[in-house]
Structure formats: C-alpha cells, structure tokens
Amino acid sequence: MLNIDLHSHSCQSDGVLPPAAVAARAQGNGVDVWALTDHDETSGLDEAATAARVLGMRFVPGVEISVTFCDKTIHIVGLGIDAAQPTLCAGLAAARRSRFERAHEIARRLAACGIDGAFEGALRHVDNPDLIGRVHFARFLLEQGHCKNLQHAFDRYLKDGRPAFVPVQWVGLAQALGWIHAAGGKAVIAHPGRYKYTPAQRDALFDAFKDLGGQGIEVVTGSHTPTQYQQYARLAAFYGFEASRGSDFHAPGVGRADLGNMPALPEGLTPIWHDLF
C-alpha cells in the first residue's frame, strides 16, 4: 500500500525546512506520494518537485488557502494545481498582502503589552516575508523569553481573545474554490475537526462546499485524534466526499504526526488521490 502524505509545509510559509529538505524527510519516512501545501504560497513547488523527482517520489503540487466562513478561519487545500494559472496567482497575492498588514497590527498590539521590536523579531524567523504569521511571532516571543513554548505564546498573546490577536477577513469559500478549480486542482477541507463550529455551522460548511464543487475532506491528519478519523470518515461517506490523508507537517518534533507517520484511511472511502496520478 502506498504511503501518501498530501499536506505539509516548508519555510516558504510557516514551516521551518526548505522544500527540498521536506522532500528528503518525507522520502526518509517512507512516503511514496507527497504534496507541499504552503499557506497562500506556491513559490516552493518547483524546488519541491525537483527534489521529489530525484528522490523517486511522486509529487502533487498543492497550496493551502485561508478562508473565512461563519466568522472563523478555515483552510482549504488545493491539490494537483497549476501554480502558474493567473487567477490563482492573483488571488494568492492578495491573500499574502492581508497577512502582511495583519502582522504589522500584531506587532503594534504586542508593543502595547510592553514587547517592542516584534515585527522585526518575527521577520528573523521568516524565509518569505510575505507569509509572516502568528507562528513567527510565537517563535520571537519564545526566543525573547516571554513564553515557555510556542503553545504558551498563543495562549498568552496570540489566540482569539488574547491581547495580540488580530482578526482578519480572508477570502470567501466560493473564491477559494474558484481559484483552485481554475488551476485544475481538487479542493479539500483541511483538518475539519479543528474548527470550533456548532453542528449546524459544520453542516452549513459541508453543504456549501459540496454545492460549490468541493471534492474532499481530510480524514486522517495530524490534527485529528483516532476518534475523529472515524467521525470524519462517516461524514465523508454521508456527503459523498473523497478522503484525504496528510500530516500537516511544519517542523521536526512539532505536531502529532511526522511526514507519512499516520494510519491508513478507513476502509470504504474513495481516496482523493484516485485520479491525481
């Protein structure tokens, strides 16, 4: 059985390793088919594809798009995309500008808490300044001794309800799926178990996603518990969604799952990759 991992990140967004190093780690962990899905960014895909080819892995070009739905941020993964497609490129560029503006406001709020130099400090942890985000501020706060670990930085300063949290209005679900489909890709709801929706809101998301031509949801992911694997397998079957599998790898030792280190999809589901390669 192929070991397939269709969700991972490099230093081109909020991961720590260059794309080629992510490829090497995936291959070293026994991954046969791998996707790089950086946040709102495709600049690492050429390097990733070249490295995967040299290492003997199949490569699926991807992206993870930030979306606002029911006043909450969710993520939609696009798989098998043409990264040069103009509609997708223009949309992602606009999304990156929103991230940059949000970062300046986070820095201002941290300064109000007595923490100066946060923007410049966060930039030290970013390879791609356009993709500066909360995790880079968390790394700065940890570096400066303002927190015990990255999660503490979010809990104390950066998550919803804390002093440096800055809400942002990302693109709508229809826009994100439009970009992915224009680029010839398949749209997947990333780690649906992470979103703090009521059952009615979750159903509204799945209904809207299906109506807009969304194809899949992540069932086995580093963000889900084993109980959630079964829960979202049932939901995938109910809605007729294809099922995806991905670690959501960002860095060694971070998160529940390393690249390729997850169980197989539950039986009876159509895998999202059945027609990707």
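Modeller: Let me begin with burial: a residue is buried under 20% relative accessible area, exposed over 50% and partly exposed in between, with a 1.4 Å probe and protein chains only. This is a predicted model, in which local features need pLDDT of at least 70 and side-chain atom pairs count only at pLDDT 80 or more, whereas totals for chains, interfaces and linings use all residues. Residues are numbered from 1 along each chain as its sequence is written, and side-chain values use heavy atoms, with hydrogens and water left out.

Colleague: Why does R102 count as buried?

Modeller: The relative accessibility of R102 is 13%, and the limit for buried is under 20%, so R102 counts as buried. R102 is located in helix α3 (residues 86–112); helices are DSSP runs of H or I with at least four residues, strands are runs of E with at least two, and both are numbered from the N terminus.

Colleague: Which residues are in contact with R102, leaving aside neighbours within four places in sequence?

Modeller: They are R134, F165, V166, V168 and W170, where contact means heavy atoms within 4.5 Å.

Colleague: Why is the pair of F206 and F241 called edge-to-face?

Modeller: The ring centres of F206 and F241 are 5.8 Å apart and the planes stand at 85 degrees, so the pair is edge-to-face. Both F206 and F241 are buried.

Colleague: What makes F238 and Y239 an edge-to-face pair?

Modeller: For F238 and Y239 the centres are 5.1 Å apart and the planes are at 80 degrees, so this pair is edge-to-face.

Colleague: Are F238 and Y239 buried or exposed?

Modeller: F238 has a relative accessible area of 68% and is therefore exposed; Y239, with 9%, is buried. Together, F206, F209, F238, Y239 and F241 form one aromatic cluster.

Methods: Rings of Phe, Tyr and Trp (its six-membered ring) pair if their centres lie within 6.5 Å; planes under 30 degrees apart count as stacked, over 60 as edge-to-face and the rest as tilted.
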